[in-house]
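Subject: Structure handover

Hello,

Here is the structure I said I would pass on. Please have it open while you read, as the notes below go through it region by region.

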Amino acid sequence: DKHTALLPKLVFSAYPNPFSGELNITYSLPEDKVVSITVTNLLGQTIATPESNRSKNAGTHRLTLQSYTWSEGIYFITFNAGNEIIQKKVVLIR
């Protein structure tokens, strides 16, 4: 559908990657949406839920995750906004 190209895009990033202590998450919403962010490990276990079904205004949002109690390895950050899902793979190094 060529009309969707004109709409502002949902943007989600996690940095630095790899990371060792703090992981910064930034996301931009083109409109008000209900947002969930979940961090899972390779076994699919939920490690953190920095946002859980929170109503967020359009615009840019930032948060920082503290990973000091997490094990070294690969994690998946799943960003769910409305009916859109974006997943990022991040690597924790010690």
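The terms are used as follows: buried is under 20% relative accessible area, exposed is over 50%, and partly exposed is in between, with a 1.4 Å probe and protein chains only.

Some background before the rest. The model is predicted, so local features need pLDDT of at least 70 and side-chain atom pairs count only at pLDDT 80 or more, while totals for chains, interfaces and linings use all residues. Residues are numbered from 1 along each chain as its sequence is written, and side-chain values use heavy atoms, with hydrogens and water left out.

Salt bridges

The structure has three salt bridges. A salt bridge here is a side-chain nitrogen of Lys or Arg within 4 Å of a carboxyl oxygen of Asp or Glu. R54, mentioned above, meets the side chain of E51 in one of them, with 3.0 Å from N to O. E51 also bridges to K56, where the closest N and O atoms are 3.3 Å apart. E51, R54 and K56 are therefore described as a network of salt bridges. E51 has a relative accessible area of 5%, so it is buried; K56 is buried as well.

The remaining bridge joins E31 and K33, with the closest N and O atoms 3.4 Å apart. E31 is partly exposed at 46% relative accessibility, whereas K33 is buried, at 13%.

Two strands pair if DSSP finds at least two bridges between them. Strand β3 (residues 33–41) and β4 pair in the antiparallel sense over six bridges. The two strands form a hairpin with four residues between them, and G44 in the turn has a positive phi of about 85°. E51, which sits in the salt-bridge network, is the bridge partner in β4 of I37.

β4 covers residues 46–56 and also contains N53. This residue has a positive phi of about 50° although it is not a glycine. At 60% relative accessibility, N53 is exposed.

The open sheet

Three strands make an open sheet in the order β1-β2-β5, with antiparallel pairing. β1 and β5 are at the edges and each has a single partner strand, so one side of each has no neighbour in the sheet. From one strand to the next, the twist averages 15°; axes are lines fitted to C-alpha atoms (for helices, over the stretch in contact), and angles run from 0 to 180 degrees between N-to-C directions. Between β1 and β2 there are five bridges, in the antiparallel sense. A14 is placed opposite I25 in β2.

Aromatic pairs

A search of the whole structure gives four aromatic pairs. The rings of F19 and W70 have centres 6.3 Å apart and planes at 90°, so this pair is edge-to-face. F19 lies in the loop between β1 (11–15) and β2 (22–29), and W70 in the loop between β5 (59–66) and β6 (73–81), so the pair links distant parts of the chain, 51 residues apart. F19 and W70 are both buried.

Y27 and F79 make a tilted pair, with 4.9 Å between the centres and 45° between the planes. This pair also links distant parts of the chain: Y27 is in strand β2 and F79 in strand β6, 52 residues apart. Both Y27 and F79 are buried. With F12, these two residues form one aromatic cluster. On the cut-offs: rings of Phe, Tyr and Trp (its six-membered ring) pair if their centres lie within 6.5 Å, and planes under 30 degrees apart count as stacked, over 60 as edge-to-face and the rest as tilted.

Regards
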